[in-house]
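Dear colleague,

Please find the structure we discussed below. I would be grateful if you would look through it before reading my notes.

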Amino acid sequence: MTDSAAARPTDVVVVGAGILGLMITRALAATGRTVTCIGPDHRAPGTASSAAGAMLGTIGEVTGDDMDAVDAVELDFRATAAKMWPGIIEELADVGGAVRHGTGTMMVANLVNESDRANLATAYAAAAKVGIPAEQVDPQEVPGLRPARGYEAVAAMFLPTEGWLDTVDLLDRLRAGLAADQRVTLMPTQVVGVTPGPNPVVRLSDGTTVTAGDVVLAAGVGCRDLLAQLDGTAVALPQLLPGKGISLELAEAPTVFPYVVRTPNRDFACGTHVVPRPDGRVYLGATNRVSATPGAAEGVTPGEMHALLHSAIHEVNVGFRTSRITSMTYGLRPLTSDHKPLIGATGHDGVHIATGTYRNGILMAPLIADLITAELRERRPAPDNPYHPLAPGRRGTGDANDAFVEGIRHLTSFLLEPGGHLPYDRQRELRSFLTTLGAMALSDTTDPLRERLSALLAEHPIAEMVPQFFYEVIAGEPR
């Protein structure tokens, strides 16, 4: 049921009403607990769930040119979660109406991005490793693929069981089912603080409070501000960063897309992807930009929209140039500084967390919901949870120098898009040059830019911090 007034005491408060918050609420209520789910619904600007294309992509999200470097634990986690979705879709149809969905993903590689073919080969190997069907196909046989001259695909792979669903359908059905459940209270308001304890207290923006037996923070990157207010004596957790993605919905698509058509993951992004929608519409996504400051990441910029449309028109189907844009959305994906989700107790009494899913929130949601439910039931971490926040080594976030080198590699490719190349071997030479300059800057202890770069990499030693530094540097240059 929905309740906008002050809520009575409840067994569990779930903070966040995106896909993770709703799925956790659903799983907990199924065990007989009373649950209060608090947070603006998925229509609020910046909500990662509503901006997602909802590809249930175990293999589509594989990135890297070396199968040995692919995270086997995450690959298995995604594969396990994907198997849960068909049953959930059937259950939701019984209580709230059909969730539009389909199966089949076509991954295509072209020469626009230098890592496309290597990523595709790694994805093919990953599919074989976890037993997911994958077929190498002729790019000319990919339905809906009609790229511009010079952007032709050079390889393609069909994943017949890799699915997708309509995000808005999913979230609407989940909310409708929960609103009808007497064990559930939905409160579309903002949480401003949490006080840990044997009976933690949640403070709302209207001045009211809710007392619970347990609190689960599932508000995406919004968990960062709530965690920052808690007592600092608990174990420090990996940092949360927002990865902004924008997406468009197009009407009057040039052809019917029976399957998802996507490129492999690319530099700091999740590849260009076209996802079927009803009535001749398609979902087009998605960009990705990680920023250290959430406020600076909000909204849709012309440059982001241009990059997305350029890629769709040139690399997927030139007919998109006459389609109509019916909506544009952005969301802030939660990324942790060690690139792993946070699922479980925070070390603060009564406070648990479920976030850090980055580009896999919808795919992973049912498995994460089960792990949180198991932990609250057994009062200890679920034995099959590989991403507990208090696991040994979680605070360690890798080598800053490795992150810088990797970031430079992505940045030199990223700067050439949309659709650009340097002649001869200039891209490799530029990468080598920038890496050397960066090493020199890091060795100069008197340069303020060096101090800023070192601080960024010390706090978040991940490749995504390199473009953050890049934008800060160019913003300070004379125009």
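The notes below go from the whole chain to its cores and then to one pair of helices.

Please bear in mind that this is a predicted model. The chain contains 13 helices and 18 strands. Of its 479 residues, 54% are buried. The chain exposes about 19,900 Å², and carbon and sulfur atoms supply 53% of that area. Among contacts between residues at least 6 apart in sequence, 75% join residues at least 24 apart.

In soluble globular proteins, nonpolar side chains tend to be buried together. Here, the largest nonpolar core has 46 residues, and those with the most contacts inside it are Ile-19, Ile-24, Trp-85 and Leu-170. Several elements each supply at least two residues of this core, including strand 1 (10-15), helix 1 (19-29), helix 6 (167-179) and helix 9 (361-378). Helix 9 gives the largest share, eleven residues. A second, separate core of 24 residues includes Ala-156, Phe-158, Val-261 and Ile-313.

Ile-24 deserves a look of its own. Apart from its neighbours within four places in sequence, Ile-24 is in contact with Val-14, Val-216, Ala-218, Ala-354, Ala-369 and Ile-372.

Finally, helix 1 and helix 6 pack at an angle of about 35°, their axes lying 10 Å apart, and their crossing is left-handed. Helix 1 contributes Ile-19, Leu-22, Met-23, Thr-25 and Arg-26 to the contact, while helix 6 contributes Leu-170, Leu-171, Leu-174, Arg-175 and Leu-178. Seven of these residues are nonpolar, one is polar and two are charged.

With kind regards

Terms used: Residues numbered from 1 in each chain as written. Predicted model: local features only at pLDDT ≥ 70, side-chain atom pairs only at ≥ 80, totals over all residues. Heavy atoms only, no water. Helix = DSSP H or I, 4+ residues; strand = E, 2+ residues; numbered from the N terminus. Buried < 20%, exposed > 50% of the residue type's maximum accessible area, 1.4 Å probe, protein only. Contact = heavy atoms within 4.5 Å. Areas by Shrake-Rupley, 256 points an atom, 1.4 Å probe, with all protein chains shown as cover. Core = buried A, V, L, I, M, F, W, Y, C linked by side-chain atoms within 4.5 Å. Axes fitted to C-alpha atoms, helices over the stretch in contact; angles between N-to-C directions. Left-handed = near helix turned anticlockwise from the far one by under 90°. Nonpolar A, V, L, I, M, F, W, Y, C, P; charged D, E, K, R; others polar.
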